Amino acid sequence: MPKFLFEASYTLEGVKGVQSAGGTSRRDAVAQVAESVGGSLESFYFAFGDRDAYVVVDLPDTESAAAVALTVNAAGGATVRTVVLLTPDEVDAAAKRSVDYRPPGA
């Protein structure tokens, strides 16, 4: 199953929600979201810096990832940036593919 990294930045409303319900409650809510589209939560970490949380999930496909991102962003408590993650084996397979490409100016 494909893996996705969601980088979340909380809004003021989202921060207040984490303060009142706690971090484990947020992790459990995210796990439920992943399960609702046929996936599962692999890891959830809060962080300092530009992003408030880093979440790795296994989801069935990119459509599921897009649905999650759209839903989270529309809810208003956080904005998310979605990154498709690749395994080393997937990168090896990609490196072996033949691609017809012409660089600019060639």
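A residue is taken as buried when its relative accessible area is under 20%, as exposed when this is over 50%, and as partly exposed in between, with a 1.4 Å probe and protein chains only. The structure is a predicted model, in which local features need a pLDDT of at least 70 and side-chain atom pairs count only at pLDDT 80 or more, whereas totals for chains, interfaces and linings use all residues. Residues are numbered from 1 along each chain as its sequence is written, and side-chain values use heavy atoms, with hydrogens and water left out.

The model contains an open sheet of four strands in the order β2-β3-β1-β4, with antiparallel pairing; strands are DSSP runs (E, at least two residues) numbered from the N terminus, and two of them pair if DSSP finds at least two bridges between them. The edge strands, each of which pairs on one side only, are β2 (40-46) and β4 (78-85). From one strand to the next the twist averages 20°, the axes being lines fitted to C-alpha atoms and the angles running from 0 to 180 degrees between N-to-C directions. Strand β1, formed by residues 3-10, is joined to β4 in the antiparallel sense over eight bridges, and within this pairing lysine 3 stands opposite leucine 85 of β4.

Glutamate 7 also belongs to strand β1, and with a relative accessible area of 11% this residue is buried. Its side chain makes a polar contact of 3.0 Å with the side chain of arginine 51, where a polar contact is a pair of N or O atoms within 3.5 Å, of which, within protein, one must be able to donate a hydrogen and the other to accept it, and residues adjacent in sequence count only if both atoms are side-chain atoms. When neighbours within four places in sequence are left aside, the residues in contact with glutamate 7 are Arg51, Ala53, Tyr54, Thr79, Val80, Arg81 and Val83, contact meaning heavy atoms within 4.5 Å. Glutamate 7 and valine 80 are 73 residues apart in sequence, yet their C-alpha atoms are 5.4 Å apart in space.

A search of the whole structure finds five salt bridges, each defined by a side-chain nitrogen of Lys or Arg within 4 Å of a carboxyl oxygen of Asp or Glu. Lysine 3 forms one of these with glutamate 42, the closest N and O atoms being 2.3 Å apart; the pair links distant parts of the chain, with lysine 3 in strand β1 and glutamate 42 in strand β2, 39 residues apart. Lysine 3 is partly exposed at 28% relative accessibility, and glutamate 42 is likewise partly exposed, at 46%. A salt bridge of 2.7 Å, N to O, also joins the side chains of lysine 3 and aspartate 58; because aspartate 58 lies in strand β3 (residues 53-58) and lysine 3 in strand β1, this pair ties together parts that are 55 residues apart in sequence. Aspartate 58, at 14% relative accessibility, counts as buried.

A further salt bridge is formed by arginine 27 and aspartate 28, whose closest N and O atoms are 3.0 Å apart. Arginine 27 is partly exposed at 35%, as is aspartate 28 at 43%. Through shared partners, salt bridges join Lys3, Glu42 and Asp58 into one network.
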